[in-house]
Amino acid sequence: MSWSLLFKRRNSAPVARERLQILLAHERSALGRSNLISLLREEILSAISRHVKVEPDKVQVKMDRGDAVSMLEIEVEIPNIAQDRALAG
Amino acid sequence: MANVVVVTSGKGGVGKTTSTAALGAALAQAGENVAVVDFDVGLRNLDLMLGAERRVVFDLINVVQGVVRLQQALIRDKRIDTLWLLPASQTRDKDALTDEGVARVIADLRTRFDWILCDSPAGIERGATLAMRHADGAIVVTNPEVSSVRDSDRIIGLLDAKTEKAERGERIAKHILITRFDPARANRGEMLSIADVMEILSLPLLGIIPESEEVLRASNLGAPVVLSNPGSAPSRAYADAARRLMGENVDMTVPSEKRGLFTKLFGRRAA
Ligand SMILES: Nc1ncnc2c1ncn2[C@@H]1O[C@H](COP(=O)(O)OP(=O)(O)OP(=O)(O)O)[C@@H](O)[C@H]1O
Ligand SMILES: [Mg+2]
């Protein structure tokens, strides 16, 4: 058995890790993992977080599905903005 | 307020039932009122792990179908009187579980307990989605091994899509529980490290349960490992995980078999 083979045998975990990362990136997009509501919530959360501090669970996104159109309801609870402004300014 | 937590994994045999029994017992020992619910219809095992197999008279399906009341099916643990089991049916098939029936039973459990731990069957079929349906939180049991991590990723996707909370646009609190971890093999690069798994799944870590003979011994005896050998490494790891579940801040370590010796993994706290 060569040294390189021994070395490879000993370090199979990095190979596992790399294979998983590639596979899961593929599977996540193929499965359309990003369910619209959770995707919207994450992006709204990150957009708001750039300007004000907001608790992750204070961002609620709801979809009321109708026949012709659906209602997207976004509810965000933010702390006192005036205070934040004062801090920033 | 009651907390409904599903213990799930996608992949079979990774330690869901072992973990449900151990965490349920640890929470109950901490004084919480706990119900552990077996959703593995046809393949129930939680009764065995708790040593209650000969006391099962009625089961989840009987309650779901309204044949008996919840109180008639709940079995109180003989060692910890705040721990209760709602067993699965061994004979009926899982289609007997209706969505409305399960919703009603969970709502009823919420009025009586602090914690409701739902032991999910393996797979991503109806049994697994029913077990997660009404959960506020999820414990995704993962072994540091490629197929288990892949299946965990798949289950995380389902948790974000098929639960009532997700459909309402709310967040379901998800945690990873790594079980059957072998620190020596991970150090030698033969097993995915904790950091690898955390990076890939990017969810907070609830605990790290080491591979241990004590787990098999506990199942032989019909006692959750935290009761059969409280000082053992897996027991201390489960007790820590239960405290984190209750919101306590506990340093993340892999307890080793030698008493009092902790392998510090990283200083940062887990959620
Ligand atoms: N930390 C551990 N150390 C050693 N063995 C373990 C550990 N955790 C679980 N096991 C063993 O792994 C096997 C499967 O455990 P368990 O039944 O809890 O898994 P499960 O995920 O509920 O399986 P299923 O998908 O079939 O319901 C059992 O034999 C159990 O004793
Ligand atoms: Mg099981």
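A residue is called buried when its relative accessible area is under 20%, exposed when that area is over 50%, and partly exposed in between, with a 1.4 Å probe and protein chains only. By this scale Glu211(B), with a relative accessible area of 41%, is partly exposed. The structure is a predicted model, in which local features need pLDDT of at least 70 and side-chain atom pairs count only at pLDDT 80 or more, while totals for chains, interfaces and linings use all residues. Residues are numbered from 1 along each chain as its sequence is written, chains are lettered from A and ligands numbered from 1 in the order in which they are written, and side-chain values use heavy atoms, with hydrogens and water left out.

Glu211(B) has a salt-bridge partner in Arg180(B), the closest N and O atoms lying 2.9 Å apart. A salt bridge here is a side-chain nitrogen of Lys or Arg within 4 Å of a carboxyl oxygen of Asp or Glu. Because Arg180(B) belongs to strand 7 (residues 173-181) of chain B and Glu211(B) to the loop between strand 8 (205-210) and helix 11 (213-221), the pair ties together parts that are 31 residues apart in sequence. Helices (H or I, at least four residues) and strands (E, at least two) are DSSP runs, numbered from the N terminus. Arg180(B) is partly exposed, at 42% relative accessibility.

Glu190(B) and Arg185(B) meet through their side chains in a salt bridge of 3.0 Å, N to O; Glu190(B) is partly exposed at 26% relative accessibility, and Arg185(B) is partly exposed at 36%. Over all chains, a search of the whole structure finds 18 salt bridges.

Attention now turns to helix 13 of chain B. This helix has 13 residues (233-245), and its end C-alpha atoms are 18 Å apart, which agrees with the 18 Å that it should span at 1.5 Å a residue; the expected span is 1.5 Å times one less than the number of residues. Helix 13 is mostly covered, with 11 of its 13 residues buried, among them Tyr238(B), Asp240(B) and Leu245(B). Just after the helix, Gly247(B) takes a positive phi of about 95°. Arg243(B) and Glu248(B) form a salt bridge between their side chains (2.9 Å, N to O). Arg243(B) is partly exposed, with a relative accessible area of 34%, and Glu248(B) is partly exposed at 36%. Elsewhere, salt bridges that share partners join Arg17(A), Asp196(B) and Glu199(B) into one network.

The two chains also meet at an interface. Contact, meaning heavy atoms within 4.5 Å, takes in 25 residues from chain A and 21 residues from chain B. Between them the chains bury about 2000 Å², 51% of it on carbon and sulfur atoms; buried area is the accessible area (1.4 Å probe) that two parts lose on being put together, summed over both. There are 3 salt bridges between chain A and chain B, and Arg150(B) and Glu27(A) meet in a salt bridge at 2.4 Å, N to O. On the side of chain A that touches chain B, helix 2 (12-30), helix 3 (36-49) and strand 1 (59-64) each supply at least two residues. Helix 2 of chain A gives the largest share of that side, 11 residues.
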